[in-house]
Amino acid sequence: MPNQKILYVTTEMFPYQEDSNMATMVSKMALKMHQEGNDVRVFMPRFGQISERKFQLHEVIRLSGMNIIINDLDQPLIIKVASLPGERLQVYFIDNEEYFKRKQFYIDDEGKAFEDNDERAIFFARGVIETIKKLNWVPDVIHLNGWMASFIPVYLKTFYKNDSYFNDSKIVLSVYNEENLPLAESVEEKMKFDNITGLAAFKNPSFHNFVIESMNLVDVVIKGDEFLEEDLEAGFEKTTATKSEYLEPESILNLY
């Protein structure tokens, strides 16, 4: 079924990141759907390692300028866009000086997880949702990849639950064996500010536990890696969402 509007939300994508299964999978899926005649857009964080000059990123002024309030602090949202090299496929980058300028992804030079990884995920999730609304583009399929993207269904089912914008969008979550880093326990307090309470993930906040939380808030959960780590496999087995084993990127159309 061509002419679907498909939104990929990811923390990694080739060629912006080169050596992970997730980056390769997202790139191949997005490209395949684009070449099949669908209206495809990709959203990802503008991590400091991504060269603006090399990939010709430029700011979209009409989309930038919103503020996202995180824990009672206003954080400016900057949107940058680039075309996937050699393709007419638009990739949007969520940017913010405070959260995404640093060169490392999630850990500092001493190997410790950044204290504000939770805030970065909240900012990213809300930034994607607000920007899609500003684009006035309603996706038929929202395909989530990466632990930060797992905050999106949490927000859609709580903070945005009375907003009908995404009512007809189907949400697919790909689960990958990402590094499982802890998140600050204050994430509960920060999300309480957005009237989000009672999440199981608050008991032991971590990358994996937010992914497991979101498995029950989406329409379809798919294995992004053929074999999942034990805790992710257990979450996959328990979820009441429709489940799919690992699929090659070329077969993803059947799922949609």
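Is Leu89 buried or exposed, and what is its relative accessibility? In this predicted model, Leu89 has a relative accessibility of 0% and therefore counts as buried, the cut-off for that class being under 20% relative accessible area. The residue is found in the loop between strand S6 (78-83) and strand S7 (90-95). Once residues up to four places away in sequence are set aside, Leu89 touches Ala30, Leu31, His34, Val40, Ala82, Ser83 and Leu84. Tyr106, by comparison, stands 17 residues from Leu89 in sequence, and the two C-alpha atoms are 27 Å apart in space.

From this loop we can turn to the charged side chains. Side chains of opposite charge can pair when their charged atoms come close. The structure holds 14 salt bridges, and the individual pairs described below can be read together with the accessibility of their partners.

One of these bridges joins the side chains of Lys32 and Glu36, with a nitrogen-to-oxygen distance of 3.0 Å. Lys32 counts as partly exposed because its relative accessibility is 26%, and Glu36, at 34% relative accessibility, is likewise assigned to the partly exposed class.

A second bridge, between the side chains of Lys190 and Asp118, also has an N to O distance of 3.0 Å.

Glu245 lies in the loop between strand S11 (242-244) and helix H8 (252-255), whereas Lys223 lies in strand S10 (residues 220-223), so the bridge ties together parts that are 22 residues apart in sequence. The two partners fall into separate accessibility classes: Glu245, at 45% relative accessibility, counts as partly exposed, while Lys223, at 6%, counts as buried.

Beyond these pairs, salt bridges also form a network, in which Arg46, Glu52, Lys80 and Asp95 are linked.

Definitions and conventions:
Residues numbered from 1 in each chain as written. Predicted model: local features only at pLDDT ≥ 70, side-chain atom pairs only at ≥ 80, totals over all residues. Heavy atoms only, no water. Salt bridge = Lys/Arg side-chain N within 4 Å of Asp/Glu carboxyl O. Buried < 20%, exposed > 50% of the residue type's maximum accessible area, 1.4 Å probe, protein only. Helix = DSSP H or I, 4+ residues; strand = E, 2+ residues; numbered from the N terminus. Contact = heavy atoms within 4.5 Å.
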